[in-house]
Amino acid sequence: MSLLRELWRSLRSGLETLGEMMLFLGRMLAYTPASLRRFGLIVHQVYNTGALSLVIIMLCGLFVGMVLGLQGFDVLQRFGSEESLGTMTALSLLKELGPVVTALLFSGRAGTALASEIGLMQATDQLAAMRMMAVDPIRRVCVPRFVGGIIAMPLLAAIFSGIGIYGAQLVGVQMMGVDSGQFWSQMRASVETRDVMEGVIKSCVFGVACSLIAVYEGYNAIPTAEGVGRATTRTVVISAVVTLVLDYMLTAALR
Amino acid sequence: MRQTRAIEFSTGLFALLGFAALFFLLTQITNRDIRFGETGYQLLAKFENIGSLKVGAPVSMAGVTIGRVEKIEYDNTEYKAAVTLRIEPGYNRIPDDSDAAIFTAGLLGGQYIGIGPGGSETYFKDKDQIHLTQSAIVLENLISKFLFSLAGKDKDKDQNQDAQGAEAKTQ
Amino acid sequence: MVEESQAAAADIAADAENIVTIRGLDYGVAQREIFRDLNIIIRRGRVTAIMGPSGTGKTTLLRLITGQIVPDRGSVIVDGKDLSQLSRTGLYALRQSMGMLFQNGALLTDLDVFENIAFPLREHTDLPEPLIRRLVLTKLHAVGLRGAAALVPAELSGGMGRRVALARAMVMDPKMLIYDEPFAGLDPISLGVVLRLIRQMNDALGITSIVVSHDVHEIAAVADDCYLLSGGQVVASGNPKQLQSSESEVVRQFMNGLADGPVPFHYPAPDYATQILAREAD
C-alpha cells in the first residue's frame, strides 16, 4: 500500500516540478526580447554551450557513425543489401541518432556546466547581490544561457550527423568495400528533405527542453555544495528522460 | 573582457561549422527533387486499386524516371482511383496505346508507376488518358487466389478419386 | 488597521529625519518566530550599527529593509516609501538608491574587478565607455585598489574582495549603504581599513550607513547609533557609550563577551545525571 503512496507522491512532485518549470519558462520568454539586445552575452553562452562541446560531439559522432557503418554492413549483408548501407546510416543518423545522442551528450556536458554555474552563483550570494543591484538574475544570467543552448543544439546535431555519415562511409566504403557510388546514390535516392527537417525540428525541441531543465535546476538549487551536486545530477537524469519521451512523441507526430 | 574577441571568433567558427553541416546534409544527402511545377504535360490513368502509391512517386519507362504522380483522387462514377501523372516535357513520344502498371521498387520499397510502350504511331498529348492500366498487386488477394486454386485442385482430386472409386466399385 | 495606516502616514511625514522606519514588525519562518513587534529608526546621515548574538536574524532584518522578504505584520518605510505598496519595478527602482555589501563580498566570479564594479552602470545606464571607465577607477581609488582593476575575484584576498564589493556598492552613488558583517574573517589591518572606509564614505558622501556586525568594539568606534537585538526584540538602543554603561544583563553579557548569562552556555538538554546514569545501567 505504501508503494502506491510513494508512487502517488512522486507523481505529484513530478507534476509540481513540471508546473514550476513551465512558469519559469514563461518568465524567461518574457525577458527574451530584452536579452536579445545584449547579444554579446548570448554569443558568450553559445560559445560556452556549443563551441566548447564541439570536441565531444565530433568525437562521438565519428564513432557512432563508424559503429553504424560496421553493424549496418554486418546486418545488411545477411540480406544481400550492402548497397543500402548509405541509406540506412543516413536515415538513422538524421532522424534519430543525431538529435537524440547529441541531446544526451549536450545535457551531460553543457547542461551540467550550466546547472552547476548557476547553482554556485546562487550558493555564493551572487544572484542575491544582483537582485540587490536591481538586476533580475533571470534576465541577466538565465535567459542568455537558455537562448545560447537553443542556438547551439541544432548546430551540434547537424555536425554530429554530418560527421557520423562520414564515419559510416569511412568504415563501409574504405574498410568493408561497399561500392562508393552505390553508397551515395542510394542515399540520395531515398533521403528526402523532409527527413533532414525532421531531425532539425527534433534537435530544436530537445535544445529547448535540455537548456530549460539545466537552467531551472541551477537556479532552484539548494545553495549548499550538496544542493548544487544534486541539481547537476537531476539535470542529466531529467534531460535524458524528457529527451527520449519527446523523441517518441515527435517521431509519431512527424510521420 | 579581453577574451571577448577570442570567444566571439570561436563562436563564429562554431556557428559556421554548424550551418555548413546543415547545408551539407540538406543538399548532398537528399535527392534533387524534380519540382513538378507547371513544366511538362499531364496524363490521367484510372486504376482498380493503387495499393500504397503516393503523390510524388516516380513515373518511369524502361526504368528511367520520366515524371511524377501529381494527384490521386477517387472517381465516384467508375469507382476507380484517378491518378494524374505529370510527365517531363522532353518525353513527348509515348505511344497512345501504352499501358501503365503499378510496381513495387525492390523488396520493401515504395510503389511507382511503370509505363510499358505500345506500338501506336500517335503519341500522348496533354490531358490524355492512359486506358490500359494494371492495378497494384495486393498481397491478400494473391494469397486468397492461391488458397482458392489449392482448394480447386483438391476438389478435382476428390472428384477424380470418387470417380476412380466408383469405377473400382463397378468393376 | 486604521491606526497602522495612520502610523505609516506619520512615519512618511517624519521621513525627512529618518531614512528607514520599522514599526510593529512581525516576521516568522516555518513555526519559528524571528521578530515580534520590532521598532527601529535609522536616521539620515548617520552610521547605525545593528548588533546581536548569532541567529537573532540580523541578516533577515536587512532583507526586510531591502524588500527581499515581506513581513507578516507591521510596516517598513524606506526613504518615504512604504515597501508593501511598491510593485516589483518600484522596488527595483528603490534598490538603485541603496548599496549593499554582502557577507562574502558576493563578487561575480566570471568578471574581473573592473567589470564587477562597472556591472550596475552597464545594466542600468547608457553611459559611454570612457565615462564608465572614469567612474569605476574613481571608486577603486577611493577604496585604494585602483591597481587591482585587472584581477579576478579568485585572486583577491578577503579584505581586498570586501573593498571591491564596497566600490561596487558605491558606484551608483546610493543614498544608503548597508553592510552585512563587513568585518567577518578579516585580519586586523584589513579590518581597520574597512572601518576607516565606512566612516569616511559616510561623511564624505553624506549618506546613511547601516552596519550589521557583532564585532562590538570595532563598530562602537565608528557608529553613531546602536541597536542590540536579542530574542526577536530590541533590547537596547542608543549611542555606543550608553550601551557600554548599560545595567541590563543582556547588554552586559554581549558587550563584554561573557560566556554565560541570559544567553545560556548549555544548549537545552535533559537532566545530566539522569542521562549519564541511564547509559551506565544498560
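Student: How do the axes of H8(A) and H9(A) cross, and within what distance do they come?

Tutor: Keep in mind that this is a predicted model. The axes of helix H8 (residues 193-219) and helix H9 (residues 225-253) of chain A come within 9 Å. They cross at roughly 155 degrees.

Student: Is H8(A) roughly parallel or roughly antiparallel to H9(A)?

Tutor: Roughly antiparallel, because of that crossing angle. The cut-off for that label is over 145 degrees.

Student: What about the handedness of the crossing?

Tutor: H8(A) passes H9(A) in a right-handed crossing.

Student: Which residues make the contact?

Tutor: On H8(A), they include Ile201(A), Val205(A), Ala209(A) and Ile213(A). On H9(A), they include Ala231(A), Ile238(A), Val242(A) and Leu246(A).

Student: Why would residues three or four places apart point the same way?

Tutor: An α-helix has 3.6 residues a turn, so residues with that spacing point the same way.

Student: And how many residues of the contact are nonpolar, polar or charged?

Tutor: The contact of H8(A) with H9(A) has 12 nonpolar residues, four polar and four charged. Lys202(A), Glu217(A), Arg234(A) and Asp247(A) take part in the contact too.

Student: Let's zoom out. How many helices and strands does chain A have?

Tutor: Nine helices and zero strands. Its C-alpha trace spans about 65 × 55 × 30 Å along the principal axes.

Student: How much of chain A counts as buried?

Tutor: 49% of its 255 residues.

Student: And among contacts between residues at least 6 apart in sequence, what share join residues at least 24 apart?

Tutor: In chain A, 87% of them do.

Student: New topic: other chains. How many residues of chain B are in contact with chain A?

Tutor: 17 residues of chain B touch 22 residues of chain A. The chain B side has 11 nonpolar residues, five polar and one charged.

Student: How many residues does the contact take from chain C and from chain A?

Tutor: It takes 15 from chain C and 10 from chain A. On the chain C side, helix H3 (88-95) and H4 each give two or more residues. H4(C) gives the most, with four. That side divides into seven nonpolar, six polar and two charged residues.

Student: Back to H4(C), then. Which of its residues are buried?

Tutor: Val113(C), Asn116(C), Ile117(C), Ala118(C), Phe119(C) and Pro120(C).

Student: What do those buried residues pack against?

Tutor: They pack against helix H5 (129-142) and helix H6 (158-170) of chain C. H4(C) also gives four residues to the side that touches chain A.

Notes: Residues are numbered from 1 along each chain as its sequence is written. Chains are lettered from A and ligands numbered from 1 in the order in which they are written. This is a predicted model: local features need pLDDT of at least 70, side-chain atom pairs count only at pLDDT 80 or more; totals for chains, interfaces and linings use all residues. A residue is buried if 20 or more other C-beta atoms lie within 10 Å of its own, exposed if 12 or fewer, and partly exposed in between; C-beta atoms are placed from the backbone. Two residues are in contact if their C-beta atoms, placed from the backbone, lie within 7 Å. Ala, Val, Leu, Ile, Met, Phe, Trp, Tyr, Cys and Pro count as nonpolar, Asp, Glu, Lys and Arg as charged, and the others, Gly among them, as polar. Axes are lines fitted to C-alpha atoms, for helices over the stretch in contact, and angles run from 0 to 180 degrees between N-to-C directions. Angles under 35 degrees count as roughly parallel, over 145 as roughly antiparallel, 65 to 115 as roughly perpendicular and the rest as oblique. A crossing is left-handed if the near helix is turned anticlockwise from the far one by less than a right angle, and right-handed if clockwise.
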